[in-house]
Every structure is written in structure tokens, then in C-alpha cells.
Amino acid sequence: MKIDRLGKSFGYAWQGIRYAVRSQQNMQIHLVVAVLVVIAGIVYRLTLLEWAIISLTIGAVLAAETFNTAIELVVDLVTDKPHPLAGHAKNVAAAAVLLTAIAAVVVGICIFGPYLLG
């Protein structure tokens, strides 16, 4: 019984991932960049620690984009009229993605910089 519920919860999570990827252009962009970073990591033979940092960074960006999508959907569900707080909620969620993406770029520079300059 518990395994069935666990399987269903993973199924729902995959549905959420598929929805985000299919409906959100920014999620698609993040995934393309993530693939390029993984390819670069293979080419430059990153260390285990570097892979761990890159993996966490990619995960953070994708999670932030997914949270942003969820917040936008809930705001749209709650109100169909423009409201300043609804706009602020969406903008703050988007800001979280932007801040995470900026941090990811900094991580990328720190990890790949020595390989590119050396």
C-alpha cells in the first residue's frame, strides 16, 4: 500500500516536471544550458567536488523555475483580475529565479574559469 502511494507521488512529480518543461520557455532554456554545462564538465573532466557543486547549482535553478511556475499558476487560479499583490507575487517569484541564475553563472565562472584560462 505504501509503495503504491510512493509510486503515485513520484508520478505526480514527473507530471509536474513535464508540465513545466512543456509550458515554460524559461525552463526549456535552463535545461539547454544545463545540458551544455554537463557537456563542458565532461570535456574538462571536472573533479567529483566540482560535479557536486554543478549538480546542486543546476538543481537549484531548475527548482527555482519550478517554484516560480507553481506560484504563477496559483496566483492565476486565485484571481482573474489584475491586482498589485498578484503582480508583486509573480515578480518576486521571477526575481528568485533570476537571483538563482545569477548565482549559477558565478559558480560556473568559478569552476570553469580556471579550465578556460589555464
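This briefing describes the helices, the nonpolar core, a nonpolar surface patch and the salt bridges of the structure above. The model is predicted, so local features need pLDDT of at least 70 and side-chain atom pairs count only at pLDDT 80 or more, while totals for chains, interfaces and linings use all residues. Residues are numbered from 1 along each chain as its sequence is written, and side-chain values use heavy atoms, with hydrogens and water left out.

**Helix H3 and what covers it**

- Helices here are DSSP runs of H or I with at least four residues, numbered from the N terminus, and helix H3 covers residues 48-78.
- Buried residues (under 20% relative accessible area, whereas exposed means over 50% and partly exposed lies in between, with a 1.4 Å probe and protein chains only) occur along H3, including Glu50, Ile54, Ile58, Asn68 and Val75.
- The cover over the buried residues of H3 includes helix H1 (2-23), H2 and H4, where contact means heavy atoms within 4.5 Å.

**The nonpolar core and isoleucine 111**

- A nonpolar core is a set of buried Ala, Val, Leu, Ile, Met, Phe, Trp, Tyr and Cys residues joined through side-chain atoms within 4.5 Å, and the largest one has 6 residues, namely Ala34, Leu46, Ile54, Ile58, Ile111 and Phe112.
- Helices H3 and H4 each supply at least two residues of this core.
- Isoleucine 111 lies in helix H4, and its relative accessible area of 8% means that isoleucine 111 is buried.
- When neighbours within four places in sequence are left aside, isoleucine 111 is in contact with Leu46, Glu50, Ile53 and Ile54.
- From isoleucine 111 to asparagine 68 there are 43 residues in sequence, and the distance in space is 27 Å, C-alpha to C-alpha.

**The nonpolar surface patch**

- Val32, Val35, Leu36, Ile39, Val43, Tyr44, Leu116 and Leu117 make a nonpolar surface patch of about 820 Å².
- Such a patch is made of residues with over 30% relative accessible area and no salt bridge, its nonpolar side chains (Val, Leu, Ile, Met, Phe, Trp, Tyr) being joined within 5 Å, while like charges are joined within 9 Å.
- Helix H2 (25-43) and helix H4 (84-117) each supply at least two residues of the patch, and H2 gives the largest share, 5 residues.
- Valine 43 has its place in helix H2 and is exposed, with a relative accessible area of 58%.

**Salt bridges**

- There are 2 salt bridges, each being a side-chain nitrogen of Lys or Arg within 4 Å of a carboxyl oxygen of Asp or Glu.
- One joins the side chains of lysine 8 and aspartate 4 at 4.0 Å, N to O, and both residues lie in helix H1, 4 residues apart, about one turn of the helix.
- Lysine 8 counts as partly exposed at 45% relative accessibility, and aspartate 4 counts as partly exposed at 43%.
- In another salt bridge, the side chains of lysine 90 and aspartate 76 meet at 2.5 Å, N to O; lysine 90 lies in helix H4 and aspartate 76 in helix H3, so the pair ties together parts that are 14 residues apart in sequence.
- Lysine 90 is partly exposed, with a relative accessible area of 25%, and aspartate 76 is partly exposed as well, at 44%.

Notes
Areas by Shrake-Rupley, 256 points an atom, 1.4 Å probe, with all protein chains shown as cover.
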